[in-house]
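Trainee: I would like to learn how to read a model such as this one. Could we take it feature by feature?

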Amino acid sequence: MNAYISDFMRRRGMWWQKDYKRYYFYLKEDQQEHKVSFKTRKIAKETEKKVVGYYEYGKDHFFRHWAINVKIVFIENKLYLVLNHKYLFTSDRRTPIRPDKITKYTNYINSRTYNDGVLDELHFWWYHFAKNNTEWMIFDGKNLQHPDISVGRPICFDVPFGIAMDSVRSSAKTRPPVNENSQQLAIFL
């Protein structure tokens, strides 16, 4: 399964970084930034997202790549992919920067990414991988007379923690307060 996922990620412009165990957007030698198109979560507006950029802060110079950690989980004989949005900081588009140099930057970004931002990140990943389809086709086995491997839509279920659904938050002004724990959303693909 890991080989199929790696092949799929390469077709989507992602490379594997073995030290940090994540896929990241690759940047060609002649590029300073890379943008990909996607549709926004709330109003489905077609736009671009900068997924790799070059930054200079004081004496630090680096490329910041959007990255994703993918875990395969089996629950009740079903296969799920759990996605975690990450970053990868490189000095030359490929070589990771030492952790002690990047901790302050990742902490700064993560401390300012609130619930809506996390949902937007997950939506971006879904859109990027699905490419306007209702599923990700990781392996098309039709020509080889093998079963397809695909990832369907995210599933939602109640959990005692997580990110509140937009519909609950926006309608909270018009109805009495609800038990927050019963109106949470977890996203697994």
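**Reading the chain**

Mentor: Of the 189 residues in the chain, 35% count as buried; buried means under 20% relative accessible area, exposed over 50%, and partly exposed in between (1.4 Å probe, protein chains only). This is a predicted model, in which local features need pLDDT of at least 70 and side-chain atom pairs count only at pLDDT 80 or more, while totals for chains, interfaces and linings use all residues. Residues are numbered from 1 along each chain as its sequence is written, and side-chain values use heavy atoms, with hydrogens and water left out.

Trainee: How many helices and strands does the chain have?

Mentor: Helices (H or I, at least four residues) and strands (E, at least two) are DSSP runs, numbered from the N terminus. Here there are four helices and 10 strands. Their order from the N terminus is α-β-β-β-β-β-β-α-α-β-β-β-α-β.

Trainee: Which residues of helix 3 are buried?

Mentor: An α-helix has 3.6 residues a turn, so residues three or four places apart point the same way. The buried residues of helix 3 include Leu 119, Leu 122, Trp 126 and Phe 129. Asp 120, by contrast, is partly exposed at 35% relative accessibility.

Trainee: What does the side chain of Asp 120 meet in a salt bridge?

Mentor: A salt bridge is a side-chain nitrogen of Lys or Arg within 4 Å of a carboxyl oxygen of Asp or Glu. Asp 120 pairs with Arg 41 at 2.7 Å, N to O. Asp 120 lies in helix 3 and Arg 41 in the loop between strand 3 (34–39) and strand 4 (46–57), so the pair ties together parts that are 79 residues apart in sequence.

Trainee: How many salt bridges does the structure hold?

Mentor: The structure holds 10. Another of them joins Lys 104 and Asp 60, at 3.6 Å from N to O. Lys 104 belongs to helix 2 (residues 99–111) and Asp 60 to strand 5 (residues 60–75), so this pair ties together parts 44 residues apart in sequence. Lys 104 is exposed, at 52% relative accessibility, whereas Asp 60 is buried, at 11%.
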